[in-house]
Amino acid sequence: MLSCLRGRVRYVSTTLTPSSTRVSETYTNPSNTLGAAVSASPQDITPQQRRVLDAAIRVDQAGELAANWIYRGQMVVLGRHPKLGPLIQGMWDQEKHHLDVMDKLRVQHRVRPTILSDIAKTAGFGLGVATALMGKEAAMACTEAVETVIGEHYDDQLKEIETLSSSHPSLRLLSKVIREFRDDELEHLNTAVDHHSQRAPAHALLSTVVSCGCKMAIEVCKRF
């Protein structure tokens, strides 16, 4: 296990979860409906707990938006690579699904989007293009760094949601969705490592810069 992950997030199987068992499809498959779990938001939580819930969904939606633009940027440079093109496209397709679900969660819980959405798009696209231009290993190092931070972030969120004093079904569903998305992101991390992310030039420096940028973005989006 990578030293940067020790004690925080775990590796998971790189075999994708069958779509028929993905709880997130409750939000994207019209035939899957769970009443209040997908249409209402808890009203029996404190104002402070509401702020925790709002910040969680706002950050997650912004993060998935940025991730989509990172992969979009990488595809501009590496999309025609015979091996990495389909690999990046597959991860991007998962991120598109994540964003679709987070958009629906934001509407369900009446959470305002971050005011930094345009910055997230531009920064994500720039990061994707820049790391891909540095080489395929650097592109994978970018994915490794981003998904390490996101895996840790989703783990922390799961703990926060458990503290909310409500038995509303939407919170149980939200926890399951976040857990599913965390495992997806860790699959992406595994994929990046399997495709030689740690062979990237100045890997440690690149990882540190990308990780710090992600952590700063998380904190800013919680508030704005």
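Five residues, H153, D156, I218, E219 and K222, lie nearest the centre of the second largest pocket, which has a lining of 17 residues. Here a pocket is an open set of points, on a 1 Å grid over the protein atoms alone, where a 1.4 Å probe fits, with protein on both sides within 12 Å along at least five of seven lines; lining residues have an atom within 4 Å of a point. Two or more lining residues come from each of α2, α5 and α7, the helices being DSSP runs (H or I, at least four residues) numbered from the N terminus. By class, 8 of the lining residues are charged, 6 nonpolar and 3 polar.

The model is predicted, with local features requiring pLDDT of at least 70 and side-chain atom pairs pLDDT 80 or more, while totals for chains, interfaces and linings use all residues. Residues are numbered from 1 along each chain, and side-chain values use heavy atoms, without hydrogens or water.

Turning to the largest pocket, 31 residues form its lining, with A66, I70, G213, C214 and A217 nearest the centre. Helix α7 supplies the largest share of this lining, 9 residues, and the lining comprises 21 nonpolar, 5 polar and 5 charged residues.

Beyond its neighbours within four places in sequence, L53 contacts (heavy atoms within 4.5 Å) S41, P42, I45, H109, L164, L171 and L174.

Conventions: Ala, Val, Leu, Ile, Met, Phe, Trp, Tyr, Cys and Pro count as nonpolar, Asp, Glu, Lys and Arg as charged, and the others, Gly among them, as polar.
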